[in-house]
Amino acid sequence: MKLQEKVQVCVECVQYSANGGAEIDPQKVAEIQAGLNSYGTGAEFHYITDSETGELSGGFSWSPCDVCGDTLGGDRFDGFVMWL
Ligand SMILES: [Zn+2]
């Protein structure tokens with residue numbers, strides 16, 4: 001069984017989850033991967049979308065991103081991290 005934990009993440013972590021980080025600065029990708037690795041083996045982030053509208057759920061927050069640790073205020077989106 002996989003473990004999972006609810007998280008709130010920045011837009012770049014959502015982009016990384018959506019397309020593997022192709023459009024993100026490589027240094028940021030490294031931060032995201034390091035953040036995921038801190039959860040456990042094979043950790044991956046999945047975002048949550050509204051089942052009717054398909055939109056991401058979230059809003060502005062000053063809390064750090066739960067995956068990459070970004071401390072800049074900005075949009076945070078709901079999702080979860082799963083690992084073995
Ligand atoms: Zn992030």
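The chain has two helices and four strands. Both are DSSP runs, numbered from the N terminus: helices are H or I with at least four residues, strands are E with at least two. Along the sequence, the order is β-α-α-β-β-β. The radius of gyration is 12 Å, close to the 12 Å from the globule rule for 84 residues, so the chain is as compact as a globular protein of that length. That radius is taken over C-alpha atoms, and the rule is 2.2 Å times the number of residues to the power 0.38.

A word on the model. It is predicted: local features need pLDDT of at least 70, side-chain atom pairs count only at pLDDT 80 or more, and totals for chains, interfaces and linings use all residues. Residues are numbered from 1 along each chain as its sequence is written.

Now the core. A nonpolar core is a set of buried Ala, Val, Leu, Ile, Met, Phe, Trp, Tyr and Cys residues joined through C-beta atoms within 7 Å. Buried means 20 or more other C-beta atoms within 10 Å of the residue's own; exposed means 12 or fewer; partly exposed is in between; C-beta atoms are placed from the backbone. The largest core has 15 residues, and V9, C13 and V67 touch the most other members. β1 (3–9), α1 (11–19), α2 (26–37) and β4 (74–83) each supply at least two. α1 gives the most, with three.

Next, D50. D50 sits in the loop between β2 (44–47) and β3 (58–61). Buried or exposed? D50 counts as exposed, because it has 9 C-beta neighbours inside 10 Å.
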